[in-house]
Amino acid sequence: MRASGERARREVLKGAAAGAGLAAAGIVTARPAYAADSRPDRPDHLDRPESVTARRGGTSITLSVTHGTLRWSARRDGRTVIGASALGIRLADGTVLGSDVRVTGKRHRARRSTWTPVYGRNATVTDHYQEQRWDLKDKGTGIRFAVEVRAYRTGVALRYLLLDHGTATIADELTTFVFPDGTTVYSARDENAYEPVAPGSIPVTGTATTDNGPLTDLPLAATLPGGFIACVCESARVDFPRLMLGSVAGEPNALSAFLMEHTARGTGPVETTSTVATPFATPWRAVVIGATHAELVDNAELVLNLAPPNALPDPSWIKPGKVFRCELTTAAGLAGVDFAVARGLEYIEYDAGWYGPEFTTPDATAPIAAIDLPSVISYATSKGIGVFLYVNRLALTDADSLFGLYKSWGVRGIKLGFINDGTQAMTGQIIDWAKTAAKYELLIDMHDDVRPFGYERTFPNWISLEGVRGNEQFPTATHNVTLPFARNIGGPMDYTICYGQSRDRTTNAHQMAMAAVYYQPLNFLFWYDKPSKYGNPANWPGLPWFNAVPTTWDESRTLAGSIGEYVAVARRDAGTWYLGAMTNESSRTLSLPLSFLGRGTYTATVYADGTPGASPYQTPVVVSTRTVTRADTLDVAMAPAGGQAVVLRPS
């Protein structure tokens, strides 16, 4: 038993050791598909170094055991992505599973299938992998467990399986990620900006009420020698704490797993251990890999492939879309509905304050006097517009009753604010809120430092989450062109696009391009604005782009990219393509082949940066059209902190 949570943090960060259950995780039903190679325990003197490798499309992940110690590594096209790295779990009684083991059985399988998401980056997703599993026994205690690894063309993944029946109390996860020399990782905690550093130089962060140390949140991007790029994510997190990664003293290329003991916001009980019912499967630890930076963005669906399938019998009521936040009056709500209709939006939202001051009014069952909510909802419904309501976590003491009430009002979605995330208990709470919202056919958007783990596949009504430094903080263009390769790899993000804002540190075309570059199935637009601002559309040439651009897609192609520098993404809805390109504070021109287009001619409507203004937000948007085919190359010129948005419609 470890002496304290503080001691455990030190042990993890120094690398001292180097509720779902299996049915919910899909292991029980999958087991018959394995080809088994079980054998009885052997005497210790017969234990020899062993290894096994899963391979798929040039990507491989290897398990090895030497003198009883488990290791793993990963390669892509013959190059090291993760070098020999530790595996293990420390139990609360001090037992370390992975330091002295015997392999008792081997299983392997290969699988290829396709599935159709309710919404996503693509209309269909291919799930194609080779899997290897070792059944293991801890020599000292006889505890049975397993390690399972998968190789996809798009990356690799691993997880632990506790096989004995009963309960287990987990103190730490000892997985490490040893990167090649010359790797740079992009570290960010909470909603801070990304900082490119060496793996061993993660900044020390934390407060008296949060986890402290050289810790970074996931997803974590890493640029590798030779032009490769990887992104560490987690998927299928159930009944388990959130994963962070920390630098390891004395190992400059290593990062070590850290299971959060505090919530990210530093409120609520501290949980130094996690007790689980066994058999139990830990979350997947995934490394999405790209031979180029652009390829990494297109490989993000690996996180979804590792998550449980859609649990909703009929998700037909789930409608992605664009949202406009209204001021807190009846008139503003009615005007917001008219604005949504005129601008091709699907939803309006009343944010914090609609039921009173959110931190002193823990009752979200009645609006303030300034809002005749029934009238607004009725009017919105008559116009085909849905209504979202914001709820602070303090008002979620009885989510079932509250969500049922909102359903009776005709509300379509809820945005939860100041959500805790990090501990085992909060993982369960977040999933329960998503389940409860689905029960009442409500979409849910979770805000503050909530991190993705693939559950938008399992509960597709959980349509968005924040966990990002978005436009509420008006970040730099460099930060904005880091997000596609880092946070957005893990899952949807609520960024809040701002068009024509004087506080933007980017051009308007840069903001416009986000609607295609970022994957945001619920996209808040015109975040700090009123409808009256756009009363004369001629003053805002970018409005037709926002009117038309969807939020989910039939096909996505990343055309170019370099983390922190630039990105260009094309996404198709039916026969029309929407192309977004963004740059950092350096002006640049990208030459983008249009070979992704279908046959025939297309009309390209180009929204480009004009002559740079004194500040980026003062750079005008210039609109032009041209006819193109798949044989053409589009030269995309961008001002400093600029961008370009292009609609390509079949002629």
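**Entry 1: the pocket**

I began with the largest pocket, for which I note a volume of about 490 Å³. A pocket here is an open set of points on a 1 Å grid over the protein atoms alone, where a 1.4 Å probe fits, with protein on both sides within 12 Å along at least five of seven lines, and lining residues have an atom within 4 Å of a point. Grid points are joined across faces, edges and corners, and the volume is the space filled by probe spheres set on the points.

This is a predicted model, in which local features need pLDDT of at least 70 and side-chain atom pairs count only at pLDDT 80 or more, while totals for chains, interfaces and linings use all residues. Residues are numbered from 1 along each chain as its sequence is written, and side-chain values use heavy atoms, with hydrogens and water left out.

I find 28 residues lining the largest pocket, with N122, R153, T154, D298 and E301 nearest its centre. Strand 29 gives the most to this lining, with 4 residues; elements supplying at least two residues include strand 9 (125-138) and helix 4 (293-298). Helices (H or I, at least four residues) and strands (E, at least two) are DSSP runs, numbered from the N terminus.

**Entry 2: G120**

I placed G120 in the loop between strand 8 (101-115) and strand 9. G120 is buried at a relative accessible area of 5%, where buried means under 20% with a 1.4 Å probe and protein chains only. Leaving aside neighbours within four places in sequence, G120 is in contact (heavy atoms within 4.5 Å) with Y519, T552 and W553.

**Entry 3: cysteines**

I looked for disulfides, meaning pairs of cysteine sulfur atoms within 2.5 Å, and the structure holds 0. The sulfur of C233 is 3.9 Å from the closest cysteine sulfur, that of C231, which is too far for a bond. C326 is in no disulfide either, as the nearest cysteine sulfur, in C498, is 15 Å away. Both residues count as buried, C233 at 2% relative accessibility and C326 at 5%.

**Entry 4: nonpolar cores**

I took a nonpolar core as a set of buried Ala, Val, Leu, Ile, Met, Phe, Trp, Tyr and Cys residues joined through side-chain atoms within 4.5 Å. The largest has 118 residues, and those with the most contacts inside it are Y406, W433, W462, F526 and W545. Helix 9 (residues 424-439) gives the most to this core, with 7 residues. Not counting residues up to four places away in sequence, W462 touches several residues, among them Y119, I430 and F453. A second, separate core of 50 residues includes L218, F228, A230 and L255.
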